Amino acid sequence: MSLNVMSFIDQLAIALHSLTAVLWVGGIFLAYRILRPAAMTLEPPIRLRLWVNVFSRFFPWVWLFIIVLVVTGYWDWSVSFGALETTPFYIHAMQIIGWVMIILFAWLYFVPFAKFKQLVADENFPLAGAIMNNQMRPIIAINLSLGVIEVIIGAAGPFWGI
């Protein structure tokens, strides 16, 4: 490939990486800080059905975001830094935090969210609410915090010199 094509691919990878990170973290922020307080005014059956609907629409996007983030992140790493030993610390930190976020999301999706969906479908709203409050919400809060840290590291890391 010519240098111009490679440069375009590199720039596209960085743009897609940034976009998907913003969409994932922004989606978490919207759900946790905006929708959750607004939904608390609804009766539990309506509120819990709303969350099943919201998460059922958002979570497939998160899986897409994860794929794009992993592919574009490692692409940029290989193009910009090459070997492991020449990679700045902030890139390693972003990788570790990113994988923690992915693992937490996978657990959230396959364990509590699967139970939550079934409990709402079965109209077992007290237990569904407990799953939401005691298992799902803490993971969502942790991933929101980690996502904000990722954004800060991604934006400021290149200027830290470490």
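A residue is called buried when its relative accessible area is under 20%, exposed when over 50%, and partly exposed in between, using a 1.4 Å probe and protein chains only. This is a predicted model, in which local features need pLDDT of at least 70, side-chain atom pairs count only at pLDDT 80 or more, and totals for chains, interfaces and linings use all residues. Residues are numbered from 1 along each chain as its sequence is written, and side-chain values use heavy atoms, with hydrogens and water left out.

**Whole chain**

Start with the whole chain, coloured by pLDDT, which is the predictor's confidence in each residue, from 0 to 100. The mean pLDDT of the chain is 95, and 98% of its residues reach 70 or more. Where pLDDT is low, the predicted coordinates should not be read in detail.

The chain has five helices and zero strands, and its pattern along the sequence is α-α-α-α-α. Helices (H or I, at least four residues) and strands (E, at least two) are DSSP runs, numbered from the N terminus. Among these elements, helix α1 (residues 3-39) has the lowest mean pLDDT, 94, while α4 has the highest, 98.

Show the C-alpha atoms alone. Along the principal axes, they fill a box of roughly 60 × 30 × 25 Å. Of the 162 residues in the chain, 36% are buried. Contact here means heavy atoms within 4.5 Å. Among contacts in the chain with a separation of 6 or more, 74% are between residues 24 or more positions apart.

**Helix α1**

Select A15, which is placed in helix α1. A15 counts as partly exposed, at 43% relative accessibility.

V68 lies 49 residues from L19 along the chain, with 9.7 Å between their C-alpha atoms.

Then move to L23, again in helix α1. L23 is partly exposed, with a relative accessible area of 40%. Which residues does L23 touch, not counting residues up to four places away in sequence? They are F58 and F65. For a distance to a residue elsewhere in the chain, pick Q95: L23 and Q95 are 72 residues apart in sequence and 18 Å apart in space, C-alpha to C-alpha.

**The loop between α2 and α3**

Select T87, found in the loop between α2 (44-80) and α3. Is T87 buried or exposed? T87 is buried, with a relative accessible area of 8%. Show the side chains of T87 and W77, which make a polar contact with each other at 2.7 Å. A polar contact is a pair of N or O atoms within 3.5 Å; within protein, one must be able to donate a hydrogen and the other to accept it, and residues adjacent in sequence count only if both atoms are side-chain atoms. Leaving aside its neighbours within four places in sequence, T87 is in contact with W77, F81, G82 and H92.

**The segment after α5**

From T87, go to I162, which is 75 residues away in sequence and 9.4 Å away in space, C-alpha to C-alpha. I162 lies in the segment after α5. With 52% relative accessibility, I162 counts as exposed. Not counting residues up to four places away in sequence, I162 touches P88, F89 and Y90.

**Helices α3 and α4**

Two packed helices are described by the angle between their axes and the distance between the axes. Select helix α3 (residues 89-110) and helix α4 (residues 112-121): they pack at an angle of about 25°, with their axes 3 Å apart. Axes are lines fitted to C-alpha atoms, for helices over the stretch in contact, and angles run from 0 to 180 degrees between N-to-C directions. The two helices α3 and α4 are therefore roughly parallel to each other. Angles under 35 degrees count as roughly parallel, over 145 as roughly antiparallel, 65 to 115 as roughly perpendicular and the rest as oblique.

Show side chains where they meet: W107, L108, Y109 and F110 in α3 meet P112, F113 and A114 in α4. The residues of this contact divide into seven nonpolar, no polar and no charged. Ala, Val, Leu, Ile, Met, Phe, Trp, Tyr, Cys and Pro count as nonpolar, Asp, Glu, Lys and Arg as charged, and the others, Gly among them, as polar.

Finish at E123, in the loop between α4 and α5 (125-160). E123 has a positive phi of about 60° although it is not a glycine. E123 is exposed, with a relative accessible area of 51%.
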